[in-house]
Amino acid sequence: MTDNEKDAQRSLAQDDAALDTSVAASRFSATERLHDGTSILIRAIRPDDKERLAEHARGLSPESIYHRFMSFKRNLSEEDLRKFTELDFAQHVGLVATLTEDGREHIEGVGRYIRTSDRRAEVALSVVDQLQRHGIAPLLLSHLSRIARHQGIVEFEANVMADNVHMLNVLAASGFKTHSEYDSGVVHVIVRIDNGA
Ligand SMILES: CC(C)(COP(=O)(O)OP(=O)(O)OC[C@H]1O[C@@H](n2cnc3c(N)ncnc32)[C@H](O)[C@@H]1OP(=O)(O)O)[C@@H](O)C(=O)NCCC(=O)NCCS
């Protein structure tokens, strides 16, 4: 085999490995418990989650929407719903935390990361106001970081509004090393996910 052929084979093997991790991420599912003992499903987001995701957005208060999107937009457009549910699970990975009531599944929390470079991704979380402070965000962050490590990501970054103490606390309490920089009302937090937690 020539060197070029060996290189081609190596790169195919790398593609296969990347495909394996994205297929595994797109099938992710785990059952967890909230602080009050309620059982909650954490699973990969799917294209058929669009209506559930729209409902999730309606369960966010104006303050939560502002903290998540840094704007007051109330409804997600068709394009937003497509972009947020039809993921490749390589560049963009998304998990939802769901509860099922009377046979209907509701998305209570969403966590996602989007790669910003080979080793880094921007992470964002949202939890419906009614179920905030029950431990959903830490569960999403923990599973996202595990998936990210499998994909070679070593750092999460998050742009958090300076008054968003809950998100800053979630990151600070994650058990990972963090580094924060403040700029014009926004805290840019780097989270080293390849150590601790
Ligand atoms: C930030 C956010 C994702 C946190 O999600 P969460 O699931 O509520 O996170 P937690 O359950 O860890 O709760 C956070 C707070 O509740 C506290 N808490 C958690 N469980 C608790 C319990 N059983 N009893 C009392 N307090 C509890 C945590 O200590 C933490 O409090 P603190 O911020 O005063 O330290 C959520 O508030 C949210 O969606 N906010 C709007 C969107 C947003 O800001 N996203 C981040 C953009 S990057």
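This is a predicted model: local features need pLDDT of at least 70, side-chain atom pairs count only at pLDDT 80 or more; totals for chains, interfaces and linings use all residues.
**Exercise 1. Work out the overall build of the protein, and why its radius of gyration fits a compact globule.**

Start by counting elements: there are 6 helices and 8 strands. Next, walk along the sequence, and you get α-β-β-α-α-α-β-β-β-α-β-α-β-β. Now for size: the C-alpha atoms take up a box of roughly 60 × 45 × 35 Å along the principal axes. Finally, compare with the globule rule: 197 residues would call for a radius of gyration near 16 Å in a compact globule, so the protein's 18 Å agrees.

**Exercise 2. Describe how helix H2 packs on helix H4.**

To set this up, a pair of packed helices is described by the angle between the axes and the distance between them. H2 (residues 50–58) and H4 (residues 78–85) meet at about 110°, and their axes are 10 Å apart. Angles of 65 to 115 degrees count as roughly perpendicular, so that's what H2 is to H4. As for handedness, H2 passes H4 in a right-handed crossing. Who's touching? H2 brings Lys50, Leu53 and Ala54, while H4 brings Leu81, Phe84 and Thr85. Sort that contact by class and you find 4 nonpolar, 1 polar and 1 charged residues.

Terms used:
Residues are numbered from 1 along each chain as its sequence is written. Axes are lines fitted to C-alpha atoms, for helices over the stretch in contact, and angles run from 0 to 180 degrees between N-to-C directions. Helices (H or I, at least four residues) and strands (E, at least two) are DSSP runs, numbered from the N terminus. Angles under 35 degrees count as roughly parallel, over 145 as roughly antiparallel, 65 to 115 as roughly perpendicular and the rest as oblique. A crossing is left-handed if the near helix is turned anticlockwise from the far one by less than a right angle, and right-handed if clockwise. Two residues are in contact if their C-beta atoms, placed from the backbone, lie within 7 Å. Ala, Val, Leu, Ile, Met, Phe, Trp, Tyr, Cys and Pro count as nonpolar, Asp, Glu, Lys and Arg as charged, and the others, Gly among them, as polar. The radius of gyration is taken over C-alpha atoms; the globule rule is 2.2 Å times the number of residues to the power 0.38.
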